[in-house]
Structures are given as structure tokens and as C-alpha cells.
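Please consult the sequence and the structure shown here while reading.

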Amino acid sequence: MSTTAPDPLATLGALPGVADAVDSVRKAVDRVYGHRVMRRRRNAVTAEAALRGARGSAALSGADWNLEEVRRRTDFSGDDESQVIGAALRLTAEAGQLLSIWRQSPLRVLARLHLVAAGGAAPDDAVGRPRLAGEPVDEPLIEAPLPSADEVAGRLEGLSGLILAGSAAPALVTAAVVHGELLALRPFGSYNGLVARTAERIVLIGSGLDPKSICPAEVGHAEQGRAAYVAAFEGYLSGTPEGMAAWIAHCGRAVELGVRESTAVCEALQRGAA
């Protein structure tokens with residue numbers, strides 16, 4: 001007699017309201033992929049989505065710069081805000097290069113993301129590895145209790161196992177869980193929010209929901225505001241069905257707002273204004 005191991009991600013996908021969020025996201029993504037500009041200028045849309053996504057992620061981490069300033073600036077080695085912007089841009093550029101590795105070793109990808117984000121701004125021995133007991137964490141937005149280093153190690157292994165095992169859950173659900181778990185753990189000494197949102201991007205791209213990376217969820221997270229982001233994340237931390245569903249729906253709305261942003265880019269390109 002054979003038994004099938006439960007699929008916890010698929011269980012989350014069955015929560016009330018989640019199916020509606022998944023369906024709404026899929027319809028929105030399909031619409032922007034069907035835009036006539038995507039047939040001729042997809043690379044331009046992808047590049048603009050990456051820039052705007054990086055700006056949105058940085059805004060949530062405390063560096064809320066005007067888009068044109070991000071576009072214009074070339075040196076991000078100055079103050080703390082400049083370094084956050086630079087880290088977000090590097091992570092967005094790196095995300096698409098890590099898809100095949102993610103499917104084989106998510107923990108290697110997370111280590112690489114932290115290395116890219118830090119860019120030499122942190123002590124070498126603290127970069128690209130989960131924090132050790134007693135090491136501080138600099139995360140300006142999330143104030144939830146910090147799990148111990150031992151708990152971080154165990155839960156990272158569990159998250160990796162879920163990804164490697166595969167799931168019947170929709171991409172939105174998997175992306176939201178990866179994002180929420182990394183925010184909850186804050187496994188690195190710095191840049192955890194940026195890394196978590198980049199990991200969400202990798203799942204959305206690698207799952208096939210957004211294979212051309214033109215639907216920047218980071219834009220939508222920023223547009224909904226830091227207070228709404230934290231409130232939704234508290235639902236994830238609660239672990240209740242209602243809280244988890246609210247977090248997944250929040251992440252779904254973020255993707256839809258990212259779609260709206262890229263649709264506006266497509267319209268501008270069509271008019272010859274961008």
C-alpha cells in the first residue's frame with residue numbers, strides 16, 4: 001500500500017479566497033503578455049520592468065527614490081540609501097541568471113543573492129551565509145521577533161525541501177510562501193527584504209507564470225505601501241488560514257499592480273513616448 005506525502009503548498013492553494021486571487025493574477029498576466037508591443041519590443045518592456053521592480057523593492061527597504069533618479073544615477077557606493085538602491089538593481093539583474101540553480105539548490109541561490117546584494121558592503125565572513133548565533137540583523141522594515149540561528153537553519157532546509165519536492169500549488173502560492181518565510185527568518189545579517197522579494201521574482205519567472213519577467217511584483221508591494229505590506233506579513237506570521245490567505249492575496253495584488261505598471265510601459269512604447 002503506497003501513501004502520498006501531503007503537499008502543504010497545495011493545501012494553502014485551497015484556502016478560501018486564494019483561488020480567486022490566483023485566477024485574477026493569471027488573467028492579468030495573460031492580458032499584458034497579449035499586448036501587441038510584446039511582439040516587437042519585449043526586451044524593452046523587460047528592462048523597464050526590472051528597473052521599476054528594483055526601485056519598488058528598494059523603497060520598501062527605506063530608499064524611496066524617484067524612478068528617474070534611479071535611472072540617471074551610476075554610482076551607488078555612497079550613503080546607506082544609495083547602497084540599498086544599488087543592491088536592488090544588482091539583485092534584479094542577477095535573478096534571471098539563477099533559475100536553473102534554483103531548481104537544484106535553492107540555498108545556493110539565496111547565498112548568491114546575499115553576496116550580490118552586499119556587494120562588499122558587509123564583512124566578508126558574514127556575506128553569503130545564514131547568520132550565526134548572536135549576530136545582529138539589520139532589517140529596517142520588519143520588527144517581528146527574530147528566530148534563532150538554529151531555527152533559521154532548520155526552516156531553510158524545510159523551505160528548500162518544499163521547493164525541490166515540487167508542488168501542485170499555483171506559482172503565486174509558492175512565491176508568496178518563499179517571500180514570507182524569508183522575511184520571517186531574516187537569515188542574513190542584511191538585505192533580507194531585498195533577497196526575499198528577489199526570491200519571489202525568481203519563483204514567478206521560473207514557474208512559467210511570468211517567464212519574460214515583465215510583471216514586477218515589487219512595484220505592487222511598494223504601491224500598496226509599507227504599512228499594508230507589514231500588516232499582510234503579520235498574517236503570514238500568524239500561521240492561521242485567514243492570515244496566510246490574506247498574505248497570498250496581498251502578493252497577488254502586488255503582481256497585478258506590477259502588470260498594470262508594465263501595461264502602461266507598453267502603451268508608452270506604442271505611442272513612442274518611452
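Helices H11 and H13 pack with their axes 6 Å apart, at an angle of about 110°. H11 and H13 are therefore roughly perpendicular to each other; this word applies to angles of 65 to 115 degrees, while angles under 35 count as roughly parallel, over 145 as roughly antiparallel, and the rest as oblique. On the H11 side the contact (heavy atoms within 4.5 Å) is made by Ala217, Val219, Gly220, His221, Glu223 and Gln224, and on the H13 side by His250, Cys251, Arg253, Ala254, Val255, Leu257, Gly258, Arg260 and Glu261. These residues divide into six nonpolar, five polar and four charged. Here Ala, Val, Leu, Ile, Met, Phe, Trp, Tyr, Cys and Pro count as nonpolar, Asp, Glu, Lys and Arg as charged, and the others, Gly among them, as polar.

The model is predicted: local features need pLDDT of at least 70, side-chain atom pairs count only at pLDDT 80 or more, and totals for chains, interfaces and linings use all residues. Residues are numbered from 1 along each chain as its sequence is written, and side-chain values use heavy atoms, with hydrogens and water left out.

**Helix packing**

Two packed helices are described by the angle between their axes and the distance between the axes. The axes are lines fitted to C-alpha atoms, for helices over the stretch in contact, and angles run from 0 to 180 degrees between N-to-C directions. Helices (H or I, at least four residues) are DSSP runs, numbered from the N terminus. Two further pairs are set out below.

| Helix pair | Axes come within | Crossing angle |
|---|---|---|
| H3 (residues 37–60) and H13 (residues 241–271) | 9 Å | roughly 130° |
| H5 (residues 80–95) and H7 (residues 106–118) | 8 Å | roughly 140° |

The crossing angle of roughly 130° makes H3 oblique to H13. H3 passes H13 in a right-handed crossing, that is, the near helix is turned clockwise from the far one by less than a right angle. Residues of H3, including Val37, Met38 and Arg41, meet residues of H13, among them Glu261, Ser262 and Val265. The residues of this contact comprise eight nonpolar, two polar and four charged.

H5 and H7 are likewise oblique to each other, and their crossing is right-handed. H5 contributes Ala87, Arg90, Leu91 and Glu94 to the contact, and H7 contributes Arg112, Leu113, Val116, Ala117 and Ala118. By class, six are nonpolar, none polar and three charged.

**Pocket and cavity**

The second largest pocket holds about 310 Å³ of space. Among its 18 lining residues, Trp102, Ile163, Thr174, Val203 and Ser207 are the closest to its centre. On a 1 Å grid over the protein atoms alone, a pocket is an open set of points with protein on both sides within 12 Å along at least five of seven lines, a cavity is a set where a 1.4 Å probe fits but cannot get out, and lining residues have an atom within 4 Å of a point. The lining of this pocket has twelve nonpolar, five polar and one charged.

How many cavities of 30 Å³ or more does a search of the whole structure find? The search finds one. About 40 Å³ of space lies in the largest cavity, and its lining includes Arg201, Leu204, Asp210 and Glu218. H10 gives the largest share of that lining, three residues. The lining comprises six nonpolar, one polar and three charged residues.

Terms used. Helices (H or I, at least four residues) and strands (E, at least two) are DSSP runs, numbered from the N terminus. Grid points are joined across faces, edges and corners, and a volume is the space filled by probe spheres set on the points.
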